[in-house]
Amino acid sequence: MGERRTIVIDPVTRIEGHSKITLHLNEQGRVEDAHFHVTQFRGFEKFCEGRPFAEMPSLMARICGICPVSHLIASAKACDALLAVKIPPTAEKLRRIFGIAQVVQSHALSLFHLSSPDLLLGMDADPAQSNLFGVLEKNPTLARDGIALRKFGQQIIERLGGKRIHPAWVVPGGVSEPLSVEDRDAILATVPEAMAIASRSLAWLKETTARFSDEIQAFGNFPSLFMGLVKKDGGLTFYDGTLRIVDESGEAVAEDLDPTRYFEYLGEKVEPWSYLKSAYYIPRGLPGGAYRVGPLARLNVCSHCGTPLADKELAEFRQIQKNAVLSSFYYHQARLIEILYCVERIEQLLSDPEILSKHVRAIARPNALEGAAAAEAPRGTLFHHYKIDEQGLIRWANLIIATGQNNLAMNRSVLQVAQRYVEGERLNHGMLNRVEAVIRAYDPCLSCSTHALGQMALQVQLLSPDGAVLDELKRP
Amino acid sequence: MSKKKLATVWLDGCSGCHMSFLDMDERLIELADRVDLVYSPLVDTKEFPPDVDVTLVEGAVSSEEDLHKIQVIRGRTKLLVSLGDCAVTANVPGMRNPFPVQAVYDRAYRENVTLAPGTPDQVIPRLLPYARPVHTVVSVDIFIPGCPPSADTIYYALTEILEGRQPELSGKTRFGA
């Protein structure tokens, strides 16, 4: 047989970030190891040093244009802790709406704009067609629904925050402006269409998922821990609560963990081949402490959603597998169930008369020199932690981003898919697209995770140990 | 009339300018009748094609890979547009410039770490000493500031460019908009 070789997929496309994948083949041409490399690094934790703490929400939002709202919220909550204030109840409710409106738009982007080409056109489809415009030709309703659902979330963000991306509305102590009757009514008027789209998209996705039974077996289908925030009653939440970690049996490994003490039980490991660190649950060490976050994890961790349509879907979701749903292919379905929950919840929150209260901001000077907070971003739990000096200037910051917490699982998933599909002797597009598609299921946000994004020519080369090119595939 | 070839590229940015591009919503469908999106994070083309009419660049030039990409892209693009404050001024990515690169690495990969501290240096590109605006590295034809520029601004600028006109951006966007 042949020599040991490495296949490089560079870049991974239709994801939110700069990355590449290397597949390491043994002498028999079988995939022996695989790495998901994140290739961009930005340095927010360092360059925020010396800046006034009150700038943090708006600055940290610039970590990510897809989920700026999550960073705004986690950052503002950490700043609330620096002020040592309890924010007005209406401010909290408005932040909740803001947060889940973003979950809708971010999840819609992941499912419709990035992954639906694989699901609708197939994993082996012509790469020239595998994009939103290809979906638009084949199934115009699906593409238009995706655009409309993303727009639904973005318009709510615009109405509340004044602009769609990087709004400055969430501030330490609350939010800067109350909600007007006009804006509330305008948002409520868009709810029925969003609900209808979420419901018919779920019906389409469930039917479509059934066609991928083979992929489901290999797309990150393994036991692991799952982590997410839950409410006191165990319900799904995106804004507050305590952390619960369950294992593959669905049993809680840890409960009621205080998210502001994350450093006591969550560690981060550096891999020399990636700018993305790997988070793990310290009591279990590595590799046993690997855990997953995000939509699949949240649905495995919570006891219920708390809204009627989403709870009905959750009950059906739990029929897929006893205890915990393990295949990362189901991130897609979990994402749509969460969209449905968010739309329902937005309606509930807006129907509360208190939502129009003018008391939306607690004013205070900093009263603590250290503050930490967590929130559920679309991709999973997000931690912001700051230390300031007496003048309120940032001295130190640490962020743990959702995507880093899926890093170990993504690497393991890439290996699993590659071992199932990639044959070193005859490379084709479909094999490699599946390796990328499992990454898309996690919806990694790499601008977030390395506190950034891009593309370059995909060239897959088979290299011999001395670097000689044995085979080459260019796409398209 | 044949469709113009449009490309969009992310360098060191947050993707917010690309999200603002998507915020054109249904106008994207109309745009698809007028341009071919030949290269973008949103499509599966993996190699930057030759003879691209317009390329929108988001982000600053921050790593060895960014530098290589933008040089290749400039050579294959008729009209290069710096889209957003990071491309135009280096903005947020440039905030690391007062710190030595190693100090920036150390915070993330030595201090805020519990296992195997050390600067990652295998397979991935190194950071350049400074994050720089795009026009300091290659020539840029049109500048659209904003953090990010709004979808309306992007739509206006793009339609003007496609008509062969220089977009008049004063009053439509600004730094930090």
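Two residues are taken to be in contact if their C-beta atoms, placed from the backbone, lie within 7 Å. By this criterion, residues 24 or more positions apart account for 81% of the contacts in chain B with a separation of 6 or more. The structure is a predicted model, in which local features need pLDDT of at least 70 and side-chain atom pairs count only at pLDDT 80 or more, while totals for chains, interfaces and linings use all residues. Residues are numbered from 1 along each chain as its sequence is written, and chains are lettered from A and ligands numbered from 1 in the order in which they are written.

Helices (H or I, at least four residues) and strands (E, at least two) are DSSP runs, numbered from the N terminus. Chain A contains 15 helices and 16 strands, whereas chain B has six helices and seven strands. The order of elements in chain B, from the N terminus on, is β-α-α-β-β-β-α-β-α-α-β-β-α. The radius of gyration was taken over C-alpha atoms and compared with the globule rule, 2.2 Å times the number of residues to the power 0.38. For chain B the value is 17 Å, close to the 16 Å that the rule gives for 177 residues, so chain B is as compact as a globular protein of that length. Along the principal axes, the C-alpha trace of chain A spans about 70 × 50 × 40 Å, and the C-alpha atoms of chain B fill a box of roughly 55 × 35 × 30 Å.

A residue is called buried if 20 or more other C-beta atoms lie within 10 Å of its own, exposed if 12 or fewer, and partly exposed in between, with C-beta atoms placed from the backbone. Buried residues make up 59% of the 476 residues in chain A and 52% of the 177 residues in chain B. A nonpolar core is a set of buried Ala, Val, Leu, Ile, Met, Phe, Trp, Tyr and Cys residues joined through C-beta atoms within 7 Å. The largest such core has 201 residues, and those with the most contacts inside it are A:Val104, A:Val414, A:Ala418 and B:Val57. Helix α4 (residues 89-121) of chain A gives the most to this core, with 13 residues. When residues up to four places away in sequence are not counted, A:Ala418 touches A:Leu23, A:Val31, A:Ala34 and A:Val435.

Strands are said to pair if DSSP finds at least two bridges between them. In chain B, five strands form an open sheet with parallel pairing, in the order β2-β1-β3-β5-β7. Its edges are β2 (35-39) and β7 (142-144), each with a single partner strand, so one side of each is left without a neighbour in the sheet. Angles run from 0 to 180 degrees between N-to-C directions, and axes are lines fitted to C-alpha atoms, for helices over the stretch in contact. Neighbouring strands of this sheet are turned by 25 degrees against each other on average, direction ignored. Within the sheet, strand β3 (residues 52-58) and strand β5 (residues 77-83) of chain B are joined in the parallel sense over six bridges, and B:Glu58 has B:Leu83 as its bridge partner in β5(B). Helix α3(B) lies across β1, β3 and β5 of chain B at about 135 degrees to β5(B). Helix α6 (residues 151-162) of chain B lies across β1, β2, β3, β5 and β7, running at about 165 degrees to β7(B).

In chain A, an open sheet of four strands has mixed pairing and the order β8-β7-β6-β11. Five bridges join the antiparallel strands β6 (residues 225-230) and β7 (residues 242-246) of chain A, with A:Gly228 opposite A:Arg244 in β7(A). Elsewhere in chain A, strand β9 (residues 266-269) pairs with β10(A) in the antiparallel sense over four bridges. Both faces of β10(A) (residues 278-281) are covered, with A:Ser278 and A:Tyr280 buried on one side and A:Ala279 and A:Tyr281 buried on the other.

The contact between the chains takes 57 residues from chain B and 55 residues from chain A. On the side of chain B that touches chain A, α1(B) gives the most, with six residues. The residues of this side divide into 34 nonpolar, eleven polar and twelve charged, where Ala, Val, Leu, Ile, Met, Phe, Trp, Tyr, Cys and Pro count as nonpolar, Asp, Glu, Lys and Arg as charged, and the others, Gly among them, as polar.
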